[in-house]
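Dear colleague,

Please find below the structure that I am handing over to you. My notes on what was found in it follow directly after.

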Amino acid sequence: MTDAVKTDVAIDALRVDGPRLWDALMELAQIGATEKGGVKRLALTDLDRQGRDLVVGWAKAAGMTVTVDQIGNVFMRRAGTNDALPPVMTGSHIDTQPTGGKFDGNYGVLAGLEVVRTLNDHGIRTEAPIEVAFWTNEEGSRFVPVMMGSGVFCGAFTLEHAYAAKDVDGRTVGEELERIGYKGTQVPGDHPIGAYFETHIEQGPVLEDADKVIGVVPAVMGLSWYDCTVSGMEAHAGPTPMHLRRDAMQVAARIIPEVVAIANRYPPYGRGTVGMMQVFPNSRNVIPGQVKFSIDLRNVNDELLNTMHEEMTAFVAQVAADSGLDVKLERVSYYPPCPFHPDVVGAVRSATAKLGYSTMDVVSGAGHDAIYAARLAPSGMIFVPCKDGISHNEIEDAQPAHLEAGCNVLLHAMLERARVV
């Protein structure tokens, strides 16, 4: 970090270097670049190591100290004038989906780095330290569970559980962390956070549709995932009369529209999706004997999400009774809604208003590391639009001006919490 004295620039006039942020995003995107313009940089691969090394190198060049914990989370620290204070932190992740884009996660990390570079450019000091973090295996595309690093950090699951997770080739997280050189020594969670901000592309179409630049994120939706299995009897499609059939598909077909109907009963944040289906024996002229499918219910209010759960359970039980078929509904995952801290949300709102950007509230329908950070410290998120709402796709795109705007909001929101001296 430079030792320059604070310049005469008014703090309210302070802005990040948008082209520098863009150039950093494009340089990181070259590591694991795909032919279609995306990025494939799976967690704890050699490409992930290269990406980590690049970002850590940038942080050190900016005068930051670097700490790595035992699950591979990386914390890059810019000292404050009172280093006894817990840091004001920002961050996200740099691992990607197999067909990922340039911005998902990466933007949140490099926006934090750009905040630090901007403060260095102007010799601005803060009372509290500022840290930029990137968390291990957020995507969950190589190892399960998703949001692994932040989950271990906040105690949602154990380090041993994470270390034992295997990829499709049988390699474990513990082994791969060791191999790429990012198995640190700090115990996850033994790292204070004063406040946490995460800047992210929206990954949905709401901001673009409303022609708004900044999404203030008051909460993340909760989700309830189920496996539903309908068991009937496979039989020949020709000789078997309709009234004597035990057709698992027809019973499943009664349940699936109800998933959507339940979501529509609880707007504006009700969500209901059937995204996966397995049919046995999956033959053109055989009545299906078993159908297994996923159900995904979401809402921003825990009471409403529980109501949706109860209605789904009751409907499935009624369909089973009416049809005489065996229908099993198993809840396989549950994440409660995550309201963000009003002080951090307020800092984002205040910064957006100060900068004059168009804005609206956007509840996140996707999970982020901020959900786990919120268990330990006041947390919040900043969204910017992405083209056509597309993410987890190689054609994921965002406008440089929007990315710069989100980074400016991050800068001023963090300064409100870290306090300029």
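Please keep in mind that the model is predicted.

The space in the largest pocket amounts to about 950 Å³. Its lining consists of 37 residues, and those closest to the centre of the pocket are Leu223, Arg298, Gly365, Ala366 and Gly367. Sorted by class, the lining has 17 nonpolar, 13 polar and seven charged residues. At least two lining residues come from strand 8 (222-231), and at least two from strand 14 (326-335).

I turn next to the annotation. In an unreviewed entry, UniProt lists His93, Asp104 and His200 under "binding site". These residues are spread over 108 residues of sequence, yet they cluster in space, with a largest C-alpha distance of 10.2 Å. Of these residues, Asp104 is included in the lining of the largest cavity.

Where in the chain is His93 placed? His93 is in the loop between strand 3 (88-92) and helix 3 (106-121). The relative accessible area of His93 is 0%, so this residue counts as buried, the cut-off being under 20%. Leaving aside residues up to four places away in sequence, His93 touches several residues, including Asp104 and His200 from the UniProt list. Among its other contacts are Phe134, Trp135, Glu138, Glu139 and Asp369.

With kind regards

Methods:
Residues are numbered from 1 along each chain as its sequence is written. This is a predicted model: local features need pLDDT of at least 70, side-chain atom pairs count only at pLDDT 80 or more; totals for chains, interfaces and linings use all residues. Side-chain values use heavy atoms; hydrogens and water are left out. On a 1 Å grid over the protein atoms alone, a cavity is a set of points where a 1.4 Å probe fits but cannot get out, and a pocket is an open set with protein on both sides within 12 Å along at least five of seven lines; lining residues have an atom within 4 Å of a point. Grid points are joined across faces, edges and corners, and a volume is the space filled by probe spheres set on the points. Helices (H or I, at least four residues) and strands (E, at least two) are DSSP runs, numbered from the N terminus. Ala, Val, Leu, Ile, Met, Phe, Trp, Tyr, Cys and Pro count as nonpolar, Asp, Glu, Lys and Arg as charged, and the others, Gly among them, as polar. UniProt positions are given in the numbering used here, feature names are shortened, and annotations may be inferred rather than shown by experiment. Buried means under 20% relative accessible area, exposed over 50%, partly exposed in between (1.4 Å probe, protein chains only). Contact means heavy atoms within 4.5 Å.
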